[in-house]
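Subject: The two-chain model

Hi,

Here is the structure I said I would pass on. Have a look at it first, and then read my notes below.

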Amino acid sequence: MIGTAKYLPLLVSSLRRKRLRTFFTIASILVAFLLFGLAESMRYALQSGVDIAGADRLLTMHKVSFTQLLPASYENRIRVIDGVVAVTPQTWFGGWFRDERNQIPTFPCDPVSYFEIYPEIVVPEDQKQAWIADRTGIMIGRGVADLFGWKVGDPVPLKSAIWRREDGSDTWPVTVRAIYDLPQGGDTRAIVMHQDYFEEGKQMAKGLIGWYVVKVDSVDSAQRVAKQIDAQFANSPAETKTSSERAMAQSFVNQVGNIGAILTAIVGAVFFTMLLVTANTMAQSVRERTNEIGVLKTLGFSNAGVLGLVLSESVLITTLGGLLGIVAAWWIGVQFEPVFRQYLPGFKVPPGAIVMAIVYMVALGIVAGAVPAWQAMRLRIVQALRRE
Amino acid sequence: MSVEPAVAAPPIVRIRDLVKEYRRGAEVVRVLDGLSLDIRQGDFVALMGPSGSGKSTLLNLIGGLDRPTSGSLEVEGLRVDQLTDASLAHWRADHVGFIFQMYNLLPVLTAERNVELPLLLKDLTRDQRARRVAAALQLVGLSNRAKHRPRELSGGQEQRVGIARAIVTDPTLLLCDEPTGDLDRKSGDEILTLLEALNDEYGKTIVMVTHDPHAAERAHRVIHLDKGMLSEGQG
């Protein structure tokens, strides 16, 4: 392919020949790569949860379903298993604030064990101790603090969509005692409250919890410990299923990931359509310039040179549209990150997707331009010059 | 039939027994029928003849735009008819300048970009190309129209740009296909005067196809073609 810069004015001027057609073609490609960028951003956001999930952390939940509860008494029985370092119960609280649409992932847990299990959590020591000491205290992620403007010491009337208090109220008065961060900008949109406060206050399901998070002494012993936990509760009314947090996250992503697969299919279809649109544009463009191609060949442009020119023009169109599309996707990621953060933390175009997109742009241009370029290459000068 | 130059001089173009046939369905049409011709260095030859006599075909063959069915065609001792497509393209870029009746400028490019086109194939820097383009445009008297696109120029000016494009690589041969055919008499005369100057002052060898006897008068030699055969008169 002719790639030297001296041909660029020739290529650019070719694009300006039918400006409207070029504009619509580039706009179509822009939309295709915008969709691609957004789909990859979503996939990245979903996958990032898996990447930060620990392989040395196990989740023990009811064998039947994630929504079935487990006895709180299991905690001590799990704790004594060889290889277990720490255990905390957790339950889906269904927390919200002001508007039920403002759902916040909220988990009652054992505060001391929680820090043993999640050592990556970054929180000032004084705040940490203050939270551990206050049964009605909550530790919130930086994302929640930013979202609602909460500060340490703020009293919060936290609502639950699931759990009512003994007096029938769905409001759980709590106080912000600590604000945590995660390394590498992980999702900090969560609230952690005391299990004791939750257990004592809830109206129903006393003595039951959602699931256990278990930290093991090494990744190597995770599988053995998981088997031992499940064996311990086999044939009981509440049998368990234990797997690593990472496997659980991957399983969750795989379910949600079907959306990603659907998006990929849509983007694939859009790309195919773009291939046809670009190929049609190039075919029309070459047909209209038959005489000019004859002139170029007369001046000494070789068949291979003409092939390269047409292919370069096609790649220029797809690259222009593609880069604009990817930049638009990146811009949307940056601008709407605070909105997406609530549902898709880490939503952004990953670097790998940008590289992939550039490869697709070039490939799309080459494939779309192949037939017109071949026709231009094969054009006989005398015949081409006869067409005015 | 053969036509030899009146004055002995080394031929730059040497054509022997040239035959060109086209196929139209089942019919084979012989456009050039065993033609032999020598053109000397610095000659200015007018090719005349009725439509379909093979003038443009001969011009295309001399310029390496088409291939003969049989016979030989040498330019500066090189068997042009035996070159590969790629070699022929390189040879055209180095040795031939074409001037068309309809100018054939690229409408999206300015005059200077059009003139620069053949230089893109050369190993020249941007500055070198710019200097050559400026010199060619100056030679045809269009330095002040360098930034204009073809649609902003008159027919005569477009043809001057076409001539500048043809001479910018300093080719051995200038091949002109009806260069005044689309111009009024005044513009046509200016183009012919320019071609004469290129021939007289710069020693360019020119082969010009024309229907116009007035244009042919400017040439040193006038060669008539009829049914693929030659006859010669003095210009």
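Strand β7 (residues 96-99) of chain B pairs with β8(B) in the parallel sense, over four bridges. Please keep in mind throughout that this is a predicted model. Within that pairing, Gly97(B) has Leu174(B) in β8(B) as its bridge partner. On to the next neighbour: β8(B) and strand β9 (residues 205-209) of chain B run parallel and are joined by five bridges. One of the pairs there is Leu175(B) with Val207(B) in β9(B). To get from β8(B) to β9(B), the chain passes through helix α6 (residues 185-200) of chain B, and this β-α-β crossover is right-handed.

Leaving out residues up to four places away in sequence, Leu47(B) touches Lys55(B), Leu58(B), Leu59(B), Val207(B), Met208(B), Val209(B), Ile223(B) and Leu225(B). As background, nonpolar side chains in soluble globular proteins tend to be buried together.

Now for where the chains meet. How many residues does each chain bring to the contact? Chain A brings 20 residues and chain B brings 20 residues. On the side of chain A that touches chain B, the elements giving two or more residues are α1 (8-15), α10 (290-299) and α14 (381-386) of chain A. The largest share of that side, six residues, comes from α10(A). By type, the residues on this side of chain A are seven nonpolar, seven polar and six charged.

One proline in chain A is worth a look on your screen. Pro372(A) sits in helix α13 (residues 351-378) of chain A. Is Pro372(A) buried or exposed? Pro372(A) has 25 other C-beta atoms within 10 Å, and 20 or more is the cut-off, so it counts as buried. Not counting residues up to four places away in sequence, Pro372(A) touches Met282(A), Ala283(A), Val286(A) and Val310(A). As for Thr281(A), it is 91 residues from Pro372(A) along the chain, yet their C-alpha atoms are separated by 9.5 Å.

Finally, the overall numbers for each chain:

- Chain A has 14 helices and 13 strands. Of its 388 residues, 39% count as buried. Among its contacts between residues at least 6 apart in sequence, 82% join residues at least 24 apart.
- Chain B has seven helices and 11 strands. Of its 235 residues, 50% count as buried. Among its contacts between residues at least 6 apart in sequence, 70% join residues at least 24 apart.

Cheers

How values were computed:
Residues are numbered from 1 along each chain as its sequence is written. Chains are lettered from A and ligands numbered from 1 in the order in which they are written. This is a predicted model: local features need pLDDT of at least 70, side-chain atom pairs count only at pLDDT 80 or more; totals for chains, interfaces and linings use all residues. Two strands pair if DSSP finds at least two bridges between them. A crossover is right-handed if, with the strands pointing away from the viewer, the path from the first strand over the helix to the second runs clockwise. Two residues are in contact if their C-beta atoms, placed from the backbone, lie within 7 Å. Ala, Val, Leu, Ile, Met, Phe, Trp, Tyr, Cys and Pro count as nonpolar, Asp, Glu, Lys and Arg as charged, and the others, Gly among them, as polar. A residue is buried if 20 or more other C-beta atoms lie within 10 Å of its own, exposed if 12 or fewer, and partly exposed in between; C-beta atoms are placed from the backbone.
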